[in-house]
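Let's walk through this model together, starting with a pair of helices and moving on to aromatic rings. Please keep the viewer open as you read.

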Amino acid sequence: MSMSGVVDLGAVKAAGEAKAKAEQARAEASRQGGAAAAAPSSLVIDVDEAGFERDVLTRSAEVPVVIDFWAEWCQPCKQLGPLLERLALEYNGRFVLAKVDVDANQMLMQQFAVQSIPAVFAVVAGQALPLFQGAAPEAQIRETLDQLIQVGEERFGLTGIVVDPAAQGEGAAGQPPAEVPAGPYDALLEAAAQALDANDFGGAVQAYKNVLADDPANVEAKLGLAQADLLGRVQKMDPQQVRKDAAEKPDDLHAQIDAADLDLVGGHVEDAFGRLVEAVRRNFGDDRDAARIRLLELFEVIGPDDPRVAAARTALARVLF
């Protein structure tokens with residue numbers, strides 16, 4: 001997830017993995033004749049920290065998920081909550097409402113930087129964005145939801161989920177949905193993720209490369225490899241020295257490339273991209289190509305759907321051509 005111009009690599013990793021797994025699940029469901037229709041009760045769900053990746057991140061790869069941060073003692077929440085629940089049913093699968101009790105889920109509240117409640121966010125294809133705060137008027141909420149759905153459709157191809165009014169519980173006829181068989185690379189990807197979490201970046205790089213050797217288009221492995229490469233490089237740096245060199249030697253290509261890596265890990269995405277675009281503009285030949293390649297590698301870390309990547313690609317094209 002990325003919010004307010006700051007990227008958390010751990011969250012990006014989780015979002016990318018969730019999106020990839022959801023895409024695999026949809027593909028498998030399509031091969032088996034299509035996904036089962038959802039019950040209306042599945043359009044409004046209670047979410048906690050343990051189930052956040054499954055219930056929000058993974059689901060956001062097929063339908064926008066609106067998150068309502070609330071608490072029992074919050075009076076405006078008691079006005080907004082029922083309204084959002086009614087709209088979720090009315091919109092009939094165009095979005096899913098996830099309700100988060102902030103008293104029981106302080107970590108989620110902190111991760112989203114919620115200052116007061118009610119606060120409403122959305123997650124679309126793993127990307128988090130704030131919608132509004134407080135008990136807003138219904139007309140304003142409808143307008144915001146319509147814009148959210150439009151963005152989901154146009155930018156990410158999310159068409160929502162099919163709802164069967166007669167379905168009960170977790171699936172049609174009250175039956176839980178069939179589990180999607182594990183993919184051929186799940187064990188390798190899990191091993192790579194564990195190596196990444198253990199700061200064994202070399203092991204993670206090799207594990208992701210093993211997957212890509214057989215499946216070059218694997219989304220999860222491509223994202224994981226880009227992150228492992230980046231974190232492995234940064235782990236070997238002296239941040240203060242890198243910053244000093246970059247400030248004192250604006251024409252030193254390697255100093256600027258190292259500083260761009262630090263920028264990205266520190267959440268300064270636009271700074272990292274801008275630094276490398278400028279390095280491409282300043283240099284020629286092999287040096288220019290080295291700056292361009294590093295910029296493309298950092299694009300992989302953030303993901304092609306992020307608007308900051310699109311803006312940087314445009315800036316790169318201007319200096320190249």
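How are α9 and α10 oriented to each other? Before the answer, a word on ground rules: this is a predicted model, in which local features need pLDDT of at least 70 and side-chain atom pairs count only at pLDDT 80 or more, while totals for chains, interfaces and linings use all residues. Residues are numbered from 1 along each chain as its sequence is written, and side-chain values use heavy atoms, leaving out hydrogens and water.

Now to the helices, which are DSSP runs of H or I with at least four residues, numbered from the N terminus, just as strands are runs of E with at least two. Helix α9 covers residues 239-248 and helix α10 residues 253-265; their axes come within 9 Å and cross at roughly 130°. The axes are lines fitted to C-alpha atoms over the stretch in contact, with angles from 0 to 180 degrees between N-to-C directions. The two helices are therefore oblique to each other, the class left over once angles under 35 degrees are called roughly parallel, over 145 roughly antiparallel and 65 to 115 roughly perpendicular.

Which residues meet here? From α9 come Pro-239, Val-242, Arg-243, Asp-245 and Ala-246, and from α10 come Ala-255, Gln-256, Asp-258, Ala-259, Leu-262 and Asp-263, where contact means heavy atoms within 4.5 Å. By class, this contact has six nonpolar, one polar and four charged residues; Ala, Val, Leu, Ile, Met, Phe, Trp, Tyr, Cys and Pro count as nonpolar, Asp, Glu, Lys and Arg as charged, and the others, Gly among them, as polar.

Next, the aromatic rings. A search of the whole structure finds six aromatic pairs, meaning rings of Phe, Tyr and Trp (its six-membered ring) with centres within 6.5 Å, called stacked if the planes are under 30 degrees apart, edge-to-face if over 60 and tilted otherwise. One of them is the tilted pair of Phe-69 and Phe-112, at 5.3 Å centre to centre and 55° between the planes. This pair links distant parts of the chain, 43 residues apart: Phe-69 sits in strand β4 (residues 65-70), and Phe-112 in the loop between α4 (106-111) and β6 (119-124). Phe-69 counts as buried because its relative accessibility is 1%, the cut-off being under 20% relative accessible area, with exposed over 50% and partly exposed in between (1.4 Å probe, protein chains only). Ring pairs also link Phe-52, Phe-69, Phe-112 and Phe-121 into a cluster.
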